[in-house]
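Please keep the sequence and the 3D view open while reading.

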Amino acid sequence: MALLQLINVNKVFKSGQTEIEALKTTSFAAEGGELIAIIGPSGSGKSTFLTIAGGLQSPSNGEVLINGQDITHLKEKQRASIRLQEIGFVLQSSNLVPFLNVQQQLQLLDKVKKNNMEAEKLKELYDSLGIADLMGSFPSDLSGGQRQRVAIAKALYTNPSIILADEPTASLDSDRAFEVMEMLKKAATNNGKTVIVVTHDTRLIQYCDKVYKITDGQLKQEVSNAMESSSFSNH
Amino acid sequence: MFLAWNEMKNNKLRFSLIVGVLTLVSYLVFFLSGLANGLENLNKEAVVKWDADGIILTEESDINLPQSSMNPDEYDGNGASEYATLGQFNAIATSGEQKSPVAIFGISEDEFIMPDVTEGRAFKYTGEVVADDSLREEGFQIGDELKLSSVDETLTISGFTEDARFNASPVLYGSFETLQKVRFGDSAENRDYKVNGFVVRTGNLDEIEVADSLQVVPTQTFIEGMPGYSEQSLTLSFMIYFLFIISAVILAIFLYVLTIQKISIFGVMKAQGVSSGYLAKSVVAQTFLLALAGTIIGFVLTIATGYFLPAAVPVAFNYMDMLIYGAVLVFVSVLGALFSIQTIVKIDPLEAIGG
């Protein structure tokens with residue numbers, strides 16, 4: 001069963017008399033274990049897509065199903081609870097709380113949600129992300145890459161079924177960017193999560209199982225050269 | 001609490017400033033309450049000391065003890081479990097360099113309004129008086145001869161008692177003979193004894209029947225009727241109530257600004273699914289801690305200041321009052337935080353993450 005399903009979804013914004021269709025009617029499904037890239041220039045509607053998929057806003061038409069549950073018509077309070085249970089966000093600007101150290105960032109999640117990652121798995125996660133030594137550091141003491149890795153740890157910590165990453169590599173150099181992508185890839189393949197990465201960085205495509213392109217609000221699956229080359233490299 | 005506490009720990013300067021302001025406000029509240037209490041005591045101490053339920057005065061006195069005058073046999077004690085006759089006369093007492101306004105109470109030694117003598121002995125002969133110990137603090141001593149302003153008589157201090165001021169004047173307790181002499185000087189022997197009132201203890205003031213020319217006044221009404229008493233305590237109470245409002249507003253403003261600064265952080269947390277309720281609770285917890293800290297520090301400062309104040313400042317701390325005021329202060333501060341909660345509820349996680 002698809003973990004994330006969008007059925008005939010569109011989003012229309014009204015600005016005065018004019019209507020802007022930020023996301024044209026589109027259907028989309030993602031299975032567990034898939035790493036999916038959504039690429040497109042800024043203003044193309046990829047953030048709109050991501051926020052609808054993540055339950056941050058409702059579509060104008062259509063339905064959004066997360067793990068089989070229709071969230072389209074839920075109230076914000078219930079959607080917040082779904083986000084907490086099912087979705088991990090890795091945001092462009094780091095989503096860390098400035099006055100909490102790395103360990104406390106994760107403790108905060110324990111305060112608001114039960115059944116988070118077990119201690120053993122968590123240690124594994126720390127090691128794979130290379131942040132085990134940073135537990136006492138505050139976000140302001142971390143480099144951009146370290147912050148992004150902590151953000152990923154935070155997103156994975158609540159055991160979500162879907163991870164939505166908005167430009168997760170924006171502030172990183174190439175090496176770091178590839179590292180981050182590998183981690184997201186691992187999360188998908190090892191733990192059966194759906195990982196969706198929104199980016200305009202085409203270098204990242206090689207890590208992805210599927211690539212969608214979004215232009216002027218129109219989402220289309222891409223069967224590009226990069227895609228094929230990535231398929232080749234997998235075989 | 002987790003979020004609230006860690007934020008304060010990591011932004012010490014910011015939050016110390018808020019605690020500092022709250023400390024000053026609570027310091028002022030406590031000090032004013034002490035002052036209000038002290039000023040009230042200054043007026044009513046001697047009356048409270050009676051531990052009586054009411055006082056019988058003449059109708060035309062307008063509840064003013066010096067203006068009430070009656071014969072000692074005008075009330076026979078009906079309806080009261082105990083009663084005491086009281087004569088009163090105001091004067092200025094002088095002893096060498098020392099000068100003080102005094103209220104002279106003429107009483108019988110066997111009446112319940114006879115004060116406990118804490119130093120020296122009770123009055124025995126005509127002309128002897130037991131004085132309030134605030135006079136001792138002013139430099140008067142046992143055995144001092146007091147010259148009075150209006151008559152040619154002198155009084156001798158035979159002892160001291162505690163907490164006996166009436167209408168801001170220290171009380172001198174003496175016998176009726178003493179009072180008569182002070183009132184009328186040489187002609188005292190030719191005058192009838194007059195008293196100013198009857199102090200009564202009873203289970204029910206309504207049961208006391210008096211002549212039409214007299215009225216039974218409950219003790220509290222009597223105290224509130226003292227010249228300037230209500231005006232003073234109302235003024236100070238108003239100042240205290242205003243400080244409550246001020247502290248609520250100050251805290252509301254501070255927290256509102258802090259909340260505005262944190263909109264993006266809160267937004268990101270909300271995007272991750274942290275509920276508005278959790279964030280709101282965190283802000284309330286923070287406010288509570290800040291207000292509590294400020295109030296406690298203010299309390300300690302007030303008590304500390306109390307020790308260094310000269311006796312002339314009429315400050316008397318009533319810990320029960322202070323406890324209530326402190327609790328109100330914390331409560332209104334938390335009310336101030338509610339203002340920020342609606343901001344938190346309104347934060348759209350979508351905007352916060354730049355969707």
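## The largest pocket

Domain 1 (2-43 + 230-352) and domain 2 (71-212) of chain B each provide at least three residues of the lining of the largest pocket. The domain bounds come from an automatic or database domain assignment. A pocket is found on a 1 Å grid over the protein atoms alone: it is an open set of points where a 1.4 Å probe fits, with protein on both sides within 12 Å along at least five of seven lines, and its lining residues have an atom within 4 Å of a point, whereas in a cavity the probe cannot get out. The space in the largest pocket is about 580 Å³; such a volume is the space filled by probe spheres set on the points, and grid points are joined across faces, edges and corners.

The lining has 26 residues, and those nearest the centre are B:Glu137, B:Arg165, B:Ala311, B:Val313 and B:Pro314. In chain B, α2 (12-50), α3 (133-137) and α8 (276-308) each supply at least two lining residues, and α2(B) gives the most, with four residues. Helices (H or I, at least four residues) and strands (E, at least two) are DSSP runs, numbered from the N terminus. The lining divides into 15 nonpolar, four polar and seven charged residues. Here Ala, Val, Leu, Ile, Met, Phe, Trp, Tyr, Cys and Pro count as nonpolar, Asp, Glu, Lys and Arg as charged, and the others, Gly among them, as polar.

## Model and confidence

This is a predicted model, in which local features need pLDDT of at least 70 and side-chain atom pairs count only at pLDDT 80 or more, while totals for chains, interfaces and linings use all residues. Residues are numbered from 1 along each chain as its sequence is written, chains are lettered from A and ligands numbered from 1 in the order in which they are written, and side-chain values use heavy atoms, with hydrogens and water left out.

The pLDDT is the predictor's confidence in each residue, from 0 to 100. Chain B has a mean pLDDT of 90, with 99% of its residues at 70 or more. For chain A the mean is 85, and 93% of residues reach 70 or more. In chain A, residues 225-235 stay under 50, and the model has 11 contacts for them beyond four places in sequence; a contact means heavy atoms within 4.5 Å. Where pLDDT is low, the predicted coordinates should not be read in detail. For the complex, the predictor gives an ipTM of 0.84 and a pTM of 0.79.

## The second largest pocket

About 340 Å³ of space lies in the second largest pocket. Its lining has 14 residues, with A:Glu124, A:Leu125, A:Ser128, A:Asn190 and A:Asn191 nearest the centre. In chain A, α4 (119-129) and α6 (174-191) are the elements that give two or more residues to this lining. By class, the lining has six nonpolar, four polar and four charged residues.

## Domains and records of chain B

The C-alpha centres of domain 1 and domain 2 of chain B are 47 Å apart. Four residues from domain 1 and five residues from domain 2 take part in their contact.

An unreviewed UniProt entry lists "domain: MacB-like periplasmic core" at residues 29-188 of chain B; this span is 22% helix and 34% strand. UniProt also lists "domain: ABC3 transporter permease C-terminal" (unreviewed entry) at residues 238-349 of chain B, a span with 85% helix and 0% strand. UniProt positions are given in the numbering used here, feature names are shortened, and annotations may be inferred rather than shown by experiment.
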